[in-house]
Amino acid sequence: MAIREFRLPDPGEGLVEADVVTWRVAVGDTVKINDILLEIETSKSLVELPSPYAGTVTALLVAEGETADVGAPIIAIDDGTADAAGPSADPAEDRVVEPSDGMAGGGDGGRRVPNLVGYGPRTGESKRRPRKTAAPDPAPQRTHDQLAGTFATDVAVSRRTDDRAALQVSPPAPPAAPLPGPGPAAPEPVLRGGAVLAKPPVRKLAKDLGLDLTTVDGTGPGGVITRDDVTAAAAAASAPAPVAAAAPPSRRSDGGDVRIPVRGVRKATAEAMVRSAFTAPHVTEWLTCDVTASMELLERLKVRREFRDVRISPLLLVSKAVCLALGRTPELNSFWDEPAAEIVQLGSVNLGIAAATPRGLVVPNIKGAQELGLLELAQAINALVATAREGRTQPAEMAQGSFTITNVGTFGVDAGTPILNPGESGILCFGQIARRPWVVGAGADERIEPRWVTTLAVSFDHRLADGAQGSTFLADVAGILGDPGLGLLF
């Protein structure tokens, strides 16, 4: 039989591992090409992986809840080709690993040896005994190409100063040096005092745990430090030192404490917030405004025929006001290009909407939001939020945001001091819209009436904008929400 090992594809975005969330198949199940095998979670999104092979599942190589490195085999499938071609004279010939699974063919006696994930196949001819079968089915390769397209691993996203963000295709990486082929070899000596031997995912784990790899003894071949070595060393380092008399613990072990692993979206959010808070100098300004006119407009829109099947809320009008105000204050729709020592003012608003999900906070964005009418913007917001709450937001949908809106009003909160999404210039927080006494009119007509009132807070990067620009933007947003007709002047 021919066993096909499906290896974890490279999700791109600099990610080197993913967590197996749910297996959709079990050992013994029959699968077809494009059947969903499992769900994985990266620090960016939850992704379903389809099968590039048809056959019978023979092994699940990674358990649910475990973390797999990019390029590691996660499932084995018997494609049944031995039934058509007959047994091979060479048993090693029956175990096949396709180049599409992160492997590359080459010399070494016709055997296939691993190649680094993200690099193309090595040059050179591949000698292999031809099988007496029909022409190869292109479906597995098509499936793999679709996966690569979903992860966008071959595309480097770059910012543009023209009217839309663009994608630039990265030049192909040079072929990787071939790795040693299989075969008996003498045990490699364990090297000490030199370079640390560890794979990138293991190095990343050690960094996250605050562990110095030079203090860790590697138990892998040739002294390579494994994931188990790092976790064991971290556990030993965190163990309490012996004391003469036991002191009462600060927290009872039986007090119902809950430990939640920091991984996936929660881990990415924490790292991003720390990086943003200590990189961009934040300034926050507040403004309380009367939005009665916007609430009345919203009620009129709800009864219009084109909006009857579309859910609309104050977020729609706030989003439109933000897009209009950014047109007058481009400093708040820009980014800091450190290598070029430049401030890049963007011609397109990629409007991020912060969405609270069971997996944590995600901020997908609407590309080119300034070009959308109210109906199109409402549909885009609904689709974005629904996808986020289902945990299906893809990395490309969260990349290249330029300005973000966060709505704390849904929780009954008046306002807050939001932290910038890394790489963006500003974020607007708007609170609950509530009935409050408000002074209206002027002079002899001045009076107090109950009005719909909300508080807006904008945080912006003080490297990109001064107080004048931040204040102008906030006043423009409040002005449009107070009198939507003013939007015609923008």
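## A leucine at the surface

Leu486 is partly exposed, with a relative accessible area of 33%; "partly exposed" lies between buried (under 20% relative accessible area) and exposed (over 50%), using a 1.4 Å probe and protein chains only. Leu486 sits in the segment after α10 (467-482). Helices (H or I, at least four residues) and strands (E, at least two) are DSSP runs, numbered from the N terminus.

Together with Leu489 and Phe490, Leu486 forms a nonpolar surface patch of about 280 Å² accessible area. Residues in such a patch have over 30% relative accessible area and no salt bridge, with nonpolar side chains (Val, Leu, Ile, Met, Phe, Trp, Tyr) joined within 5 Å. The areas come from the Shrake-Rupley method with a 1.4 Å probe, and for residues only the protein chains shown count as cover.

## About the model

This is a predicted model, where local features need pLDDT of at least 70 and side-chain atom pairs count only at pLDDT 80 or more, while totals for chains, interfaces and linings use all residues. Residues are numbered from 1 along each chain as its sequence is written, and side-chain values use heavy atoms, leaving out hydrogens and water.

## Inside the protein

Now let's look inside. The largest nonpolar core has 44 residues, and Val322, Leu351 and Phe403 are among those with the most contacts inside it. Such a core is a set of buried Ala, Val, Leu, Ile, Met, Phe, Trp, Tyr and Cys residues joined through side-chain atoms within 4.5 Å. The helix α7 (314-328) is one of the elements giving two or more residues to this core, and α7 gives the most, with nine.

Val322 touches Leu351, Phe403, Ile405, Leu428, Phe473 and Val477, leaving aside residues up to four places away in sequence; a contact means heavy atoms within 4.5 Å.

## Charged pairs

How many salt bridges does a search of the whole structure find? There are 17, each a side-chain nitrogen of Lys or Arg within 4 Å of a carboxyl oxygen of Asp or Glu. In one of them, Arg24 pairs with Glu39, and their closest N and O atoms are 3.0 Å apart. Arg24 is partly exposed at 41% relative accessible area, whereas Glu39 counts as buried at 8%.

Another salt bridge joins Asp69 to Arg227, with the closest N and O atoms 3.4 Å apart. Asp69 belongs to strand β7 (residues 67-69) and Arg227 to helix α4 (residues 227-238), so this pair ties together parts that are 158 residues apart in sequence.

Definitions and conventions: Patches are made of residues with over 30% relative accessible area and no salt bridge: like charges are joined within 9 Å, nonpolar side chains (Val, Leu, Ile, Met, Phe, Trp, Tyr) within 5 Å.
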